[in-house]
Amino acid sequence: MYVKQYPLVLACGFVNHSGRVSYKQEYIIPQMLMQWVQRNRDKVQGISYFTCSDISMYTSKWCAYNVVIPAQKPYDENMYSVKLKEDFCWSKPQYFQVPLVDGVANKADRETLYAFIGKIQETMRNVYMPMPYRNYLIDVLEVCVCVYNMLLRGKTTDMQLLIHTINLINQYYRIIAKHTAEEIIQSINKEQLLEFELLDYDQASKQFKDIVNEFTKEDRSGKNIYGIINKYRDTIWNDFGCNPSVIIWHSENDDIQTAVSWMHENHIIHGTRLLKPDDSTIRDLKSMCENTGVSIDDLWGCHAENDEWMKQHIQDVKTPIFVRANNVSIYSPVGSKLYDYLQIGFDIDLLSMNLL
């Protein structure tokens, strides 16, 4: 089947090179194909086109495509496709910048890097360093200065260049950090050092060890060099937000369609979960209550004795339960919780006040 489709795939894969002109011949076949989709919507709902963004040097990480689904009749009063509104739920648009190029978001990390760079420079000015120490510290400086300047001037730099640069920095960091301070110190033959390299040898070794240990410490919290590099690699297409969504917990006999429709109409990303008498359900209910400060007893309206009791009486839980869940990571703002809001029962006024 793919071999049969390949001529169309190829015909739709050309990139526009004619600049800002009104007529683009590269779009002729894709537009004709889209017209065919509109006439045959019972067979095909949309087309996945190749992106014009240059990902040729980074295909193993990002496989970008443009998915086009035409808005078909019938339309609502605002001329939006009823079918697409039923099939998709999207949040209201929010503006954000990738943290790598956001001077406000990366200010604390720039300050951390600036202080560490200053510490290395001051040490190298005030202490006679054996050349193996000095060469290593220069490599460390190169990494830190590169990351610092990326955060400082990233907004004026091509994004593709930033993606490749941050990955090269990470690889170079790995090469440098694979040797511990102890290994480097033990590898030095003091008899081969020059006289000036021995003047502050003990002090130089101590300060060198402190700097190397700080540089090579693998803590993904983002509060050291390793963490800072990985933070901006991991969030190259995202931000530090929690990206909340609402989970509607319900029992088998609940009619939740009205609640689901309300979520849909108000552009709240949501999902549903069925209450089951199993360990996973009880664990999640307890976690929800713990995070939101709601007593687990409130879900039943009486004292919940233990896990086994909760499983046996799962059908007695007051439903539906609305819980706002967050995509919490090590990069999320301080104080972020996995769940931060819980409401028992479908009360539109309360939901509107707390979720909109």
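The model is predicted: local features need pLDDT of at least 70, side-chain atom pairs count only at pLDDT 80 or more, and totals for chains, interfaces and linings use all residues. Residues are numbered from 1 along each chain as its sequence is written, and side-chain values use heavy atoms, with hydrogens and water left out.

I begin with the sheet. Four strands form an open sheet in the order β4-β3-β5-β6, and the pairing is mixed. Its edges are β4 (270-274) and β6 (339-344), each of which pairs on one side only. From one strand to the next, the twist averages 20°. Helices (H or I, at least four residues) and strands (E, at least two) are DSSP runs, numbered from the N terminus; two strands pair if DSSP finds at least two bridges between them.

Strand β5 (residues 321-325) runs antiparallel to β6, and five bridges join them. F322 has Q343 in β6 as its bridge partner.

Next, the helices. Helix α11 (residues 279-292) lies across β3 (245-250), β4, β5 and β6, at about 105° to β6. Helix α14 (residues 348-355) lies across β3, β5 and β6, at about 170° to β6. Contact means heavy atoms within 4.5 Å. Axes are lines fitted to C-alpha atoms, for helices over the stretch in contact, and angles run from 0 to 180 degrees between N-to-C directions.

Finally, L168 belongs to helix α6 (residues 159-177). L168 is exposed, at 55% relative accessible area (buried is under 20%, exposed over 50%, partly exposed in between; 1.4 Å probe, protein chains only). Between L168 and I269 there are 36 Å in space, C-alpha to C-alpha, and the two are 101 residues apart in sequence.
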